[in-house]
Amino acid sequence: MTMRKWVLSAAFAAIGAIATATAQAETLRVGMECTYAPFNFRAPGGEMSGYDVDVAKGVAQLIGADLQYVCQQWDGMIPALLTNKFDLIVASMSITDERLQKMDFSVPYRVSIGRFLGPKGKDLKLFDDKGKPIQSSFKNLTVGVERASTYAKWIEAKLPGANIRLYDGAQAMLLDLRNGRVDVAITNPMKAYLEFLSTDQGAKFEFVSPAIDEREYFGTGVGIGIRKGQEDLVKRVNGALKTLIENGSLEKYGHKYFPFSISPENWKGVGVN
Amino acid sequence: MAALSGWWDDFFFGTVMVLKVFAASLVLAVIFGLLGASAKLSRNRAAQVLAKAYTVVFRGTPELVVLLLFYFGTAVVLTRIAQIYDPQIKFVDVPPFWAGAIAIGLIVGAYMTETFRGAFMGVAHGQVEAAHALGLTKGQTFFYVRMPQMWRLALPNFGNHMLSIMKDTALISIVGLEEIVFVGQMATAVTHKPFLMFMTVALIYLAITTVITILTWWLERYANSHLERVR
Amino acid sequence: MNFDFNLILSSLPQIAAGLGITLKLMAYSTAIGLVLAVLILLMRISGRWYLTWPAMGYIYFLRGTPILVQIFIIYHGLPQLDFVRESVLWPVLREPFGCCVVALSLNSSAYISEILRGGVLGVDKGVNEAARALGLSAPQRFIYIVTPIAVRLALPAYSNEFISMMKATALASTVTLLDITGVARTIVSNTFAPFEIFIAAALIYLAMAWVFQVGFGKLEDYLGKYTKRGASA
């Protein structure tokens, strides 16, 4: 009997020691996918790199905090924030009304757009001249889309009958597009341009739709996600972001990876300077 | 093959992480297994029912679901519990390492409960009676008489449980732990060579499980050595 | 955060939509896995080194690596090889369902062949010798004498492996399949209530496990009829 009690209390003590209570923390934990080049990914050297990482570092420096990166799969990003796995989401997350009901966002630091990718020369005619999707063209196509993304929400609303495949990450989706597992995919055109279409992986592919940026689904842009009830943190982050925008740092970070501008103010399109 | 260079140290650190999780899960699994087995073997009805529920739930639910539940759910539960004791605490977090270790510990612990229970029952009751006659307390009997003899009987299945733990650690990559499967995914994102990367991951796991199998075989020989000499 | 019981109940029917895929996966993988397992078993006990060694290597690799890694190799890795994409197997491997069936069949066949081998080894030598004395050939002995007894002996371990395979189907959600876990993860990403939704998913798996346990129990009773004392007239 005593042995069992001892083991039980040891077990509880162990669990208690494991769980960490945090109250101080000018270490901010940042949640990101870590596999979403060129926004947040791990370079072969082992360093976290990317546009989102640079923005996070810039903000942290200005508000005087240390950063700790936490890798999280996209579809669990918001649940993880809400259950306190991390304090900020800096992972190219779009500011949409639906998300604003559950969490707060900073001001946008990047434009948020979706676009379809498909094989070259197929002449798919997915959209009409007014920029509306043609339902019948999608009938025999398998569409790849990332789970829990703005693209998924858009497709759910605009192409409810479409044959979609939900992916845990963009990487797997683009690989499958190349291998012919899906016929078209809708995703972030900036990433697609840089990491896919301009490489030999995507040599046989191109954009097959105009850019889609309906406010309702793509929101006002991409922002830093923060749990509700931390207005002070939101203010500090916004202050830092505004400084970064004003002193041109944000543009600089963008141009490190892209030959075109990706900030909300200077956005002209993919491949257009 | 050249694509692998540059990722060797990532795979190395990922392997170290796998071994760390393995060790933590193993300890937890043994603890849960012993707790469960003694609960099932006790005369306390409540303990028996609880242990039965434990084994049924954790042997019947997919490891992935248990893991996801623990990763997202425990933070919530623990926070509420912690707030009862100290309302100041804003939140309690369980990092993926421990969420994974506890989840695997509970799952394989449920299987170990059955293994230990069978092994305990295999220890001749006369041994326990003799210990009692000699004046040993229940605790002393457990540690010095029952456990050593139980281990020998439990070893073959225990070896299989250790292999299960090792293979289940791959799942923790899904909740962000930077072990070798995750490294494989990151490497694939950069090199676009999934076959090479995931084969590397598989071979690393194979190497570790081979070591565990050899270890178990050696332990079995050692535990049974006192029987082998009688020919 | 509030614990929402109603959410568990209301999400059950939604998650059950994934049940179809889970059951289909299990059906195909069980059937193909069993056929492969018998094949590997025959190779393993053949006594000829050129058959035994490949079988042992097959079992060693598939039991020594995690199922998740096996699924990733088949789903993500194989298309990297050009000859796979042009081969006859591509229509199967192109679909995530096909890839998961291949992975689960291969993996379970490795375990099942060892389980069957345990059953075969458990058949009393005397029974085999008596059959030989009666003039039955080796294949006849295997089919009519050894197999029925081996199957009965192997059944408990087989039922465990069957349940393990049921649990492994949850990994199909990592390669876009909308099985029970896949649907659950999608709902979680929309409702942000992981606790309640995953508990609902767990309940469905537990219900399935319970049904299968009862089924196997009945099968064990049926096959073990003649071993029960007082059963024969």
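This is a short tour of a predicted model, with stops in chain B and then chain A.

**Stop 1: chain B as a whole**

Select chain B and colour it by secondary structure. Follow the chain along its sequence and the pattern reads α-α-α-β-α-α-α-α-α-α. Its C-alpha atoms fill a box of roughly 70 × 60 × 30 Å, taken along the principal axes. Of the 231 residues in chain B, 48% count as buried. If you draw the contacts between residues at least 6 apart in the sequence of chain B, 76% of them join residues at least 24 apart.

**Stop 2: where chain B touches chain C**

Now bring up chain C as well. Here 29 residues of chain B are in contact with 29 residues of chain C. On the chain B side, select helix H2 (45-60), helix H3 (63-85), helix H7 (180-191) and helix H8 (194-223), each of which supplies at least two residues. H8(B) gives the largest share, with ten residues. Colour this side of chain B by residue type and you get 20 nonpolar, six polar and three charged residues.

**Stop 3: helix H8 of chain B**

Stay with H8(B) and show its side chains. The helix has 30 residues and reaches 43 Å from first C-alpha to last, close to the 44 Å expected at 1.5 Å a residue. Which residues of H8(B) are buried? Pick out B:Pro194, B:Met197, B:Phe198, B:Thr200, B:Val201, B:Ala202, B:Ile204, B:Tyr205 and B:Ile208. As you click along them, keep in mind that residues three or four places apart in an α-helix point the same way, because there are 3.6 residues a turn.

**Stop 4: a sheet in chain A**

Move over to chain A and look for five strands forming an open sheet, in the order E11-E10-E12-E9-E13, with mixed pairing. Strand E11 (163-167) and strand E13 (205-207) stand at the edges; each has a single partner strand, so one side of each is left without a neighbour in the sheet. Turn the view and you can follow a twist that averages 30° from one strand to the next.

Strand E10 (142-146) pairs with E11(A) in the parallel sense over five bridges.

**Stop 5**

Most residues other than glycine have a negative phi, and most peptide bonds are trans. Here are some exceptions.

- Select A:Ala37 and A:Pro38: a cis peptide bond joins them, with omega about -5°. A:Pro38 is in the loop between strand E3 (35-36) and strand E4 (40-42) of chain A.
- Go to A:Cys34, in the loop between strand E2 (27-32) and E3 of chain A. Its phi is positive, about 70°, although it is not a glycine. A:Cys34 is buried, with 25 other C-beta atoms within 10 Å.
- Finish at A:Ala148, in the loop between E10 and helix H5 (150-158) of chain A. Phi of A:Ala148 is near 65°, again a positive value in a residue other than glycine. A:Ala148 is buried, with 24 other C-beta atoms within 10 Å.

Terms used
Residues are numbered from 1 along each chain as its sequence is written. Chains are lettered from A and ligands numbered from 1 in the order in which they are written. This is a predicted model: local features need pLDDT of at least 70, side-chain atom pairs count only at pLDDT 80 or more; totals for chains, interfaces and linings use all residues. Helices (H or I, at least four residues) and strands (E, at least two) are DSSP runs, numbered from the N terminus. A residue is buried if 20 or more other C-beta atoms lie within 10 Å of its own, exposed if 12 or fewer, and partly exposed in between; C-beta atoms are placed from the backbone. Two residues are in contact if their C-beta atoms, placed from the backbone, lie within 7 Å. Ala, Val, Leu, Ile, Met, Phe, Trp, Tyr, Cys and Pro count as nonpolar, Asp, Glu, Lys and Arg as charged, and the others, Gly among them, as polar. Two strands pair if DSSP finds at least two bridges between them. Axes are lines fitted to C-alpha atoms, for helices over the stretch in contact, and angles run from 0 to 180 degrees between N-to-C directions. The expected span of a helix is 1.5 Å times one less than its number of residues.
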